[in-house]
Amino acid sequence: MSRNYYICSIGQPNQGYDDENLRRCIINNCFVLHENAKQKGCIHEIKPDDILILKYKHEFIGYGRSTSSLKQIGEGWSYQVDVNMWEIIFINMEFKMHNKKVQHMML
């Protein structure tokens, strides 16, 4: 069985949605792309057991093994590929989770 590797960008840095989409991806164990994204890349080619490399603000921050092919769910942030879990290699950001401010920095 062949395995492919895909770089999955959370979004354009500093456009107001990248932090929110990163939270969405980590909390839901998936990669999510907006239906109106101009650059969808090869998302339609992802198959279960492929490796997704997560890119956030011009940095590769983690990876995960896909557990599904592309699914369309609802509208808006509707292109989704599930992963077993994200192995976060590095991230330095503050975000709110369940109304608590959390500082994450992992190596």
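Strand S4 (residues 59-65) pairs with S7 in the antiparallel sense over two bridges; strands count as paired if DSSP finds at least two bridges between them. The model is predicted, so to speak only of what was kept: local features need pLDDT of at least 70, side-chain atom pairs count only at pLDDT 80 or more, and totals for chains, interfaces and linings use all residues. Residues are numbered from 1 along each chain as its sequence is written, and side-chain values use heavy atoms, with hydrogens and water left out.

Within the S4-S7 pairing, Gly-62 sits opposite Ile-88 of S7. Helices (H or I, at least four residues) and strands (E, at least two) are DSSP runs, numbered from the N terminus.

The largest pocket comes out at about 550 Å³. Of its 26 lining residues, the closest to the centre are Ser-9, Ile-10, Gly-11, Leu-33 and Gln-39. Strands S1 (5-9), S2 (30-33) and S3 (51-56) are the elements giving two or more residues to this lining, and S1 has the largest share, four residues. A pocket here is an open set of points on a 1 Å grid over the protein atoms alone, where a 1.4 Å probe fits, with protein on both sides within 12 Å along at least five of seven lines; lining residues have an atom within 4 Å of a point. Points are joined across faces, edges and corners, and the volume is the space filled by probe spheres set on them.
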